[in-house]
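Please work through each task before reading its solution.

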Amino acid sequence: MTVAEITEKMIGYSNGNRRDINHFLKVYAYAKTIGECEHLDQDTQMVLEVAALVHDIACPLCREKYGSTEGKLQEQEGPALTVEFLRDSGLPEKQIDRIAYLVGHHHTLHDVDGLDYQILLEADYLVNADESHYPRENIENMLEKVFRTKTGKQILKSMYL
């Protein structure tokens, strides 16, 4: 499957929830932009883009099962859903495993083990900051303690500081 086909499949998976769809499309756009500006290799860029599309795949299940989409619940439920969702994608197993790992850690801000992981955190935060109206203090703290890429920092400063 292409990224476009995975996007279409994820939109269908979201069952008309426009908030979820708009969220993952925005995260995807930032992740794609940051990854390209940071000159990721083709395989890492692909993993990043697909992970951005499916990072919140567990939200519908978490809403139903727990009445919450709290980050740790998403990380707990997301990897298995991701593997199942991508089973017929034609992506190599190694890429699917990495995507599932990223989905299972996209709310964990420590022990970041790759540029794909770092960029996913930054892209998701950029969207969450807007959607949740984070205060300036929170944004400044994230800039100082979490953001690492030149591109992500520039976007965050341009948008919020």
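**Exercise 1: A helix pair**

Task: In this predicted model, determine which residues of α1 meet which residues of α2, and describe how the two helices are arranged.

Solution. Begin with the contacts: from α1, Val3, Thr7, Met10 and Ile11 meet Ile21, Phe24, Leu25 and Tyr28 of α2. Sorted by class, this contact of α1 with α2 comprises 7 nonpolar residues, 1 polar residue and no charged ones.

Next, consider the geometry. Two packed helices are described by the angle and the distance between their axes. The axes of α1 (residues 3–13) and α2 (residues 18–37) come within 10 Å and cross at roughly 160 degrees. Angles over 145 degrees count as roughly antiparallel, and α1 is therefore roughly antiparallel to α2. The crossing of α1 past α2 is right-handed.

**Exercise 2: The faces of α9**

Solution. First, list the buried residues of α9 (residues 150–160): Thr151, Gly152, Ile155, Leu156 and Tyr160. Finally, identify the packing partners: the buried residues of α9 pack against α2, α7 (115–131) and α8 (136–145).

**Exercise 3: A loop glycine**

Task: Is Gly90 buried or exposed?

Solution. Locate Gly90 in the loop between α5 (71–86) and α6 (93–103). Its relative accessible area is 68%. Exposed means over 50%, so Gly90 is exposed.

Note on methods. Residues are numbered from 1 along each chain as its sequence is written. This is a predicted model: local features need pLDDT of at least 70, side-chain atom pairs count only at pLDDT 80 or more; totals for chains, interfaces and linings use all residues. Side-chain values use heavy atoms; hydrogens and water are left out. Axes are lines fitted to C-alpha atoms, for helices over the stretch in contact, and angles run from 0 to 180 degrees between N-to-C directions. Helices (H or I, at least four residues) and strands (E, at least two) are DSSP runs, numbered from the N terminus. Angles under 35 degrees count as roughly parallel, over 145 as roughly antiparallel, 65 to 115 as roughly perpendicular and the rest as oblique. A crossing is left-handed if the near helix is turned anticlockwise from the far one by less than a right angle, and right-handed if clockwise. Contact means heavy atoms within 4.5 Å. Ala, Val, Leu, Ile, Met, Phe, Trp, Tyr, Cys and Pro count as nonpolar, Asp, Glu, Lys and Arg as charged, and the others, Gly among them, as polar. Buried means under 20% relative accessible area, exposed over 50%, partly exposed in between (1.4 Å probe, protein chains only).
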